Amino acid sequence: MLGLLTPQTRNIKVFIKAFKQTNIHRCSSVSCQSEYIRRIILENTEIVGEQSLTPEFKLRLFTPNCRFWSEKPELWPFDDPYWAIYWPGGQALSRYLLDNPAVCRGKTVLDLGSGCGASAIAAKLCGAAHVVANDIDTGFDLILLGDMFYDEALATSLHSWLDHCINSHGTKVLIGDPGRAQFEEHCIRRLLRQLAQFELPESVREENYGLTCSSVWCYRPEL
């Protein structure tokens, strides 16, 4: 699946920066750079929606039909395109919100590590008063974290930050994760209450190394 996103390509940013600098210099004006970025995205992604847990809205993503799904990662001219994959934790979280709109209605919502922005979109569709995607500010009624617990160090950092948000602002936290080892084995796991579980579509299973389902959890530090 997409050489850019596999664990074996951790050195990708070195290659990406070199290629990015070479190409961006060819296009010096802001408008020219914007058009260049727009063209690259349009040519190398496709609009999809039906084969996900949220067919209500469509996203422009990388799919097996796109060139860079299997292309050499050093040829991609930008930073790692995590925004171009609809990760399974985010899918479960977005589905949960659409099925339970009262969770978001009238609230300020932070979608942390929002990726393609699906959970933020779902929150807005459900009537959230204000939605911020991928901002780490505090003071929100509801924080959404889809697929953020893929690294133990990051999970530990998030654990501390979430405690601060909850203790300072009474923030509610919802987490979407398909059961990655870094999530299941972390101490934060004992502080979570499962709210929902969704069977992943076949295409999503194939794109995520056989993961079969994804869950939504409520973070309860008092447990």
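Which residues in α3 meet which residues in α4? In this predicted model, G90, L93, S94, L97 and L98 are the ones on the α3 side, and they meet A118, S119, A122, A123 and L125 in α4. Sorted by class, this contact of α3 with α4 has seven nonpolar and three polar residues, with no charged residues at all. As a rule, a pair of packed helices is described by two things, the angle between the axes and the distance between them. Here the axes of α3 and α4 come within 9 Å and cross at roughly 0°. Since angles under 35 degrees count as roughly parallel, α3 is therefore roughly parallel to α4.

To step back for a moment, the chain has seven helices and eight strands. Of its 223 residues, 48% count as buried. Take the contacts between residues at least 6 apart in sequence: 66% of them join residues at least 24 apart.

Next comes the inside of the chain. The largest nonpolar core has 27 residues, and Y96, L97, L144 and L174 touch the most other members. At least two residues of this core come from each of β2 (59-61), α3 (88-99), α4 (118-125), β5 (142-146), β7 and β8. The largest share, five residues, is supplied by α3. Another core, of 22 residues, lies apart from this one, and I143, L145, F149 and I166 are among its members.

L144 is a handy residue to look at in the structure. Setting aside neighbours within four places in sequence, L144 is in contact with L93, L97, V109, L110, D111, L112, S119, A123 and L174. Some of these names have come up already: L93 and L97 belong to the α3 side of the helix contact, while S119 and A123 belong to the α4 side.

That leaves the strands, and β8 (residues 213-219) in particular. Seven of its seven residues are buried, so β8 is largely enclosed by the rest of the structure. Both of its faces are covered, with C213, S215, W217 and Y219 buried on one side and S214, V216 and C218 buried on the other. What about its partners? Strand β6 (residues 172-177) runs antiparallel to β8 and is joined to it by four bridges. In this pairing, L174 stands opposite C218. Strand β7 (residues 192-199) also runs antiparallel to β8, this time with seven bridges, and E199 stands opposite C213.

Note on methods
Residues are numbered from 1 along each chain as its sequence is written. This is a predicted model: local features need pLDDT of at least 70, side-chain atom pairs count only at pLDDT 80 or more; totals for chains, interfaces and linings use all residues. Side-chain values use heavy atoms; hydrogens and water are left out. Buried means under 20% relative accessible area, exposed over 50%, partly exposed in between (1.4 Å probe, protein chains only). Two strands pair if DSSP finds at least two bridges between them. A nonpolar core is a set of buried Ala, Val, Leu, Ile, Met, Phe, Trp, Tyr and Cys residues joined through side-chain atoms within 4.5 Å. Contact means heavy atoms within 4.5 Å. Axes are lines fitted to C-alpha atoms, for helices over the stretch in contact, and angles run from 0 to 180 degrees between N-to-C directions. Angles under 35 degrees count as roughly parallel, over 145 as roughly antiparallel, 65 to 115 as roughly perpendicular and the rest as oblique. Ala, Val, Leu, Ile, Met, Phe, Trp, Tyr, Cys and Pro count as nonpolar, Asp, Glu, Lys and Arg as charged, and the others, Gly among them, as polar.
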